[in-house]
Amino acid sequence: MAKKKSPEELRSHRWYGVKDLRSFGHRSRTAQMGFTQDDYAGKPVIAIINTWSDINPCHTHFKDRVEEVKRGIWQAGGFPVELPASTLSEPFQKPTAMLFRNMLAMETEELLRAYPADGAVLMGGCDKTTPAMLMGAITMNLPVIFMPGGPMLRGNWNGATLGSGSDTWKYWAELRAGNITEDDWKGVENGIARSPGHCMTMGTASTMTSVAETLGFCLTGASSIPAPDSRHAQMASLTGRRIVDMVWEDLKPSDIITPASFDNAIRVALALSGSTNSIVHIVALARRAGIDLTIDRFDELARTTPVLANLRPAGKYLMEDFYYAGGLPALINQLTDLLDVNQKTITGKTLGENIAGARVFNDDVIRARDNALSESDGIAVLRGNIAPDGAVIKPPAAEPHLLKHTGRALVFENYTDMAARIDDPDLDVDENSVIVLKQAGPQGAPGMPEWGQLPIPQKLLAKGVRDMLRISDARMSGTSYGACVLHVAPESYIGGPFALVQTGDLIELDVPARKLNVLISDAELETRRSQWVAPPPKFERGYGMLYQQHVSQANKGCDFDFLETIPVKQLDSGEPEIH
């Protein structure tokens with residue numbers, strides 16, 4: 001067993017324990033806040049990075065949860081310090097929360113560096129908060145636990161069970177097709193989100209909290225608990241207790257994350273039929289840890305990983321059902337022969353020890369291996385002359401006949417162009433067409449918004465068409481579905497060959513062969529390239545300019561180039577403050 005730290009070895013000792021003028025200032029100002037030295041002297045100071053705000057509905061319960069985390073920290077002999085951070089509210093933040101993921105990652109890293117934190121609890125759940133805080137924490141490399149916000153309860157409308165996002169797109173299509181009324185649509189609106197918590201489908205939020213748990217950053221089973229469940233509050237307090245012990249044990253991210261733990265996380269995301277967004281985030285996390293993970297690894301593992309979670313949008317059920325069926329530990333226990341279960345976690349135990357004895361209580365929600373939703377290919381990585389650095393598709397979410405398809409391109413140069421023309425009755429389009437959206441990538445949109453589930457033209461909806469091949473350099477919500485090719489890299493805005501596709505070109509998709517090509521000659525492609533004109537910059541100042549100058553492409557994780565190559569080590573000047 002590793003030797004435990006002494007109080008003098010705590011990082012916070014340099015703020016509180018030194019007999020000098022600066023420490024006098026720290027102690028006197030802490031007294032100003034109502035605390036005595038007995039509250040913090042010789043105890044781990046635990047930063048609680050809280051992404052609560054009034055405009056983040058996924059985190060509305062965090063005002064209560066933070067007090068429960070604090071309770072656990074006090075009980076274990078620590079000193080809790082709540083540090084609010086950017087909320088990244090997926091439903092509200094424009095143009096997209098993804099534009100600001102790296103900002104929260106930087107904020108998390110710098111909060112932990114600048115203040116007397118010995119360890120941290122990261123409170124997140126809404127899509128980008130999970131990868132952002134983990135990216136910063138991995139770089140800072142202090143003991144840290146992620147406390148997932150948990151999914152909301154099932155939606156309900158007129159006896160129908162509703163799932164976040166998935167049923168939004170479904171009923172929006174039916175409204176546009178004239179199959180439901182405005183009153184019906186209002187009923188869906190009022191019934192689809194009826195409790196605190198993030199999306200209860202297997203969208204980006206639940207995918208990434210499941211990834212965090214598989215990587216070893218959460219208490220066992222924490223990612224599956226619905227936000228309103230009393231067991232979620234209990235988990236919050238247990239998280240607070242555990243982080244104090246982790247500080248004494250000096251158990252850091254660099255002690256638990258390895259290439260094998262990332263393989264585990266990828267396989268679990270695939271078995272969940274998780275969000276395609278997870279590819280971008282997992283790659284970014286790995287590169288923060290000094291691991292050169294490529295998107296090809298996702299495709300390689302997808303070929304031998306079954307889809308076992310029967311969850312929307314690829315399946316039938318919702319996260320509440322998943323929890324009652326045994327949750328993530330039960331699903332992981334179905335995959336042990338495909339995982340390295342000897343990987344260490346924040347519990348101090350291995351992944352295998354954490355999930356030992358976990359059982360499935362509903363084998364339609366969490367399928368057995370011999371009854372998989374899909375034998376393989378939860379995600380596929382495509383390449384070709386319009387995506388030399390890759391593109392992704394989620395085959396289980398598409399109509400099977402579209403997984404091998406050739407059609408005539410209908411090109412929209414940007415989102416505004418698409419919104420203006422998609423429902424034009426005179427639009428030259430049929431169900432065999434391939435809808436193409438450009439300038440929706442990391443720089444082009446900007447921020448790579450979730451525009452990838454492109455709308456089906458209204459006149460085709462009226463004919464009963466519900467899926468078409470759609471291609472973009474955007475992302476799509478993890479709650480979305482359809483034959484949508486995403487993350488085309490390099491993106492069109494920076495002159496990737498995707499920028500050269502024109503209306504009328506034939507585009508060929510062959511998912512089994514992992515191919516995506518525009519069927520024109522190399523010479524024609526080069527002629528178009530020579531005529532391409534770069535668009536003007538999107539930003540002239542501020543964070544946007546920083547983003548545009550330094551963000552990487554989707555296949556590299558969309559992190560900033562000056563952050564992703566930092567090796568895993570504790571970056572700390574040794575000086576607690578600079579005047």
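E450 sits in the loop that runs between strand β10 (434–437) and helix α19 (458–461). The model described here is predicted. Leaving out residues up to four places away in sequence, E450 touches E90, D127, K128, T204, N277, R475, M476 and S477. Two of these neighbours also make polar contacts with E450 through side chains. The side chains of E450 and N277 are joined by a polar contact of 3.1 Å. The side chains of E450 and R475 are joined by another, of 3.2 Å.

The loop between β10 and α19 also holds P446. The peptide bond from A445 to P446 is cis, and its omega is near 5°. P95 is found in the loop between β2 (79–84) and α5 (101–114). How far apart in space are E450 and P95, C-alpha to C-alpha? The distance is 9.8 Å, although 355 residues separate E450 and P95 in sequence.

Most residues other than glycine have a negative phi, and most peptide bonds are trans. S273 is not a glycine, yet its phi is positive, at about 50°. S273 lies in the loop between α12 (259–271) and α13 (277–288). S273 counts as buried because its relative accessible area is 2%, under the 20% limit. C558 is likewise a residue other than glycine with a positive phi, near 55°. The loop between α21 (542–550) and α22 (561–564) contains C558. With a relative accessibility of 3%, C558 is buried too.

Helix α10 (residues 230–249) includes T239. Is T239 buried or exposed? T239 is buried, because its relative accessibility is 0%. Beyond residues up to four places away in sequence, T239 touches V121, I145, M147 and L219.

The interior was examined next. In soluble globular proteins, nonpolar side chains tend to be buried together. The largest nonpolar core in this model has 91 residues. Which residues have the most contacts inside this core? They are I49, L122, F217 and F262. I49 is in contact with L83, A85, T108, L111, L112, V121, L122, M123 and M133, setting aside its neighbours within four places in sequence. Another core lies apart from the largest one. This other core has 28 residues, including L382, A387, A391 and L525.

UniProt lists "domain: Dihydroxy-acid/6-phosphogluconate dehydratase N-terminal" (unreviewed entry) at residues 43–354. In the model, residues 43–354 are 47% helix and 9% strand. The end C-alpha atoms of this span are 28 Å apart. UniProt gives residues 364–558 for "domain: Dihydroxy-acid/6-phosphogluconate dehydratase C-terminal" (unreviewed entry). Over residues 364–558, the chain is 15% helix and 21% strand. Here the end C-alpha atoms lie 36 Å apart.

The whole chain was then considered. The protein chain contains 22 helices and 14 strands. Its C-alpha trace spans about 75 × 55 × 45 Å along the principal axes. What radius of gyration does the protein chain have? The value is 24 Å. This agrees with a compact globule, because a globule of 579 residues would have a radius of gyration near 25 Å. Of the 579 residues, 60% count as buried. The accessible surface of the chain comes to about 21,600 Å². Carbon and sulfur atoms account for 51% of that surface. Among contacts between residues at least 6 apart in sequence, 77% join residues at least 24 apart.

Terms used: Residues numbered from 1 in each chain as written. Predicted model: local features only at pLDDT ≥ 70, side-chain atom pairs only at ≥ 80, totals over all residues. Heavy atoms only, no water. Helix = DSSP H or I, 4+ residues; strand = E, 2+ residues; numbered from the N terminus. Contact = heavy atoms within 4.5 Å. Polar contact = N/O pair within 3.5 Å; in protein donor to acceptor, adjacent residues only side chain to side chain. UniProt positions renumbered as here; feature names shortened; annotations may be inferred. Buried < 20%, exposed > 50% of the residue type's maximum accessible area, 1.4 Å probe, protein only. Rg over C-alpha atoms; globule rule 2.2 N^0.38 Å. Areas by Shrake-Rupley, 256 points an atom, 1.4 Å probe, with all protein chains shown as cover. Core = buried A, V, L, I, M, F, W, Y, C linked by side-chain atoms within 4.5 Å.
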